[in-house]
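Here are my notes on this one, jotted down in the order I'd go through it with you. Have the viewer open while you read.

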Amino acid sequence: MESRMVKFYSKESNMVAIHAIPGHFATSHSHINYYIDITSLKTRIQEAKEVARVLHQKIGRVSYVDTIVCMDGTEVIGAFLAEEFEKEDMASTNRHETIYVVSPEMNSNNQLLFRDNIKPSIAGKHVILLSASTTTGKTIHRSLEGIRYYGGVIEAVASVFSTVSEMDGFAVNSVFHAEDLPGYAAYSADDCPFCKKGIKLDAVVNGFGYSKL
C-alpha cells in the first residue's frame, strides 16, 4: 500500500506537503479513495511550524484568542499556531495573557469530553478549533457542539486538509483542499463504488492514522 504513496505540496509553501495513498479506505463517516497522511506535518517541528504559519494567514486576524482545541494529534501545530497569534499582540481574556492549547477526550458516543481541570480553559473562552483531516465535516460539527456545551465561544475553525469549506456558519480554513488531490472522492458506505464492485478495504483510517485490513 505504501508503495502507491504520492506527495502533494501546498500552494503557499514548498515546506508543507501531504502524502496520499490511493485505494479504498473507510473513515467513521464515509469511504474515500485516498488516505491523507499528514503525520510528518504533525510531528516534525519545522514542518509543524510552517503549517501553523500558513493556517494563521488563512484564519486572519481575530478579536480574541484564549484557547486552541486540538483534534487528531495536532497539538504541536496548535502550539505553533498559538505562537503566531501571540506575535500579533492579540487580545486575550486569560489572566496569564497566554493561550491555552488543549485536547479533548472522546466518549463512547464520539462526543467531546473535557475533564474538570481543563474546563476553565474552555468556559467563557474564545476558542479556535484545529483538526487534522476533514472529509464530511461531521467531526467538526460535533466538536463545535461540544465546545459550545462547555461554554466556549468559537472564533475560527482550521483543518490541515478539508473537503468542506464551511460548517455551522464558520469557514473551515485549510492548507489543503480536495481539489489539490486529482480525483479525490468521498462516498457514503451505501453508495461506495468500490464496495459495489466487491473491492475490499485497504485500511480503516482516522485523523491519527490507518490500520490495514
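**Notes on the sheet, the helices and the pocket**

1. E4 and E5 run parallel and are joined by three bridges. Strands here are DSSP runs of at least two residues (E), helices runs of at least four (H or I), numbered from the N terminus.

2. Before going further, a caveat: this is a predicted model, where local features need pLDDT of at least 70 and side-chain atom pairs count only at pLDDT 80 or more, while totals for chains, interfaces and linings use all residues. Residues are numbered from 1 along each chain as its sequence is written, and side-chain values use heavy atoms, with hydrogens and water left out.

3. Which way do the side chains of E4 point? Thr-67 and Val-69 go one way, Ile-68 and Cys-70 the other, and all are buried (under 20% relative accessible area, 1.4 Å probe, protein chains only). In general, side chains in a regular strand alternate between the two faces of the sheet.

4. Zooming out, the open sheet has six strands in the order E5-E4-E8-E9-E11-E10, with mixed pairing. Its edge strands are E5 (100–102) and E10 (166–167), each pairing on one side only; two strands pair if DSSP finds at least two bridges between them. E9 (153–162) and E11 (170–177) run parallel, joined by five bridges, and Phe-161 stands opposite Phe-176 in E11.

5. Now the helices. H3 (75–87) packs on the sheet, touching E4, E5, E8 and E9, and its direction makes about 160° with that of E4. H4 lies across E4, E8, E9, E10 and E11, at about 160° to E8. Contact means heavy atoms within 4.5 Å; axes are lines fitted to C-alpha atoms, for helices over the stretch in contact, with angles from 0 to 180 degrees between N-to-C directions.

6. Ser-121 sits in the loop between E7 (112–113) and E8 (126–134). Ser-121 is buried, at 5% relative accessible area. Leaving out residues up to four places away in sequence, Ser-121 touches Thr-67, Tyr-100 and Val-102.

7. Last, the lining of the largest pocket. Elements that each supply at least two residues to this lining include E3 (31–37), H1 (39–43) and H4 (138–149).

Terms used:
Buried < 20%, exposed > 50% of the residue type's maximum accessible area, 1.4 Å probe, protein only.
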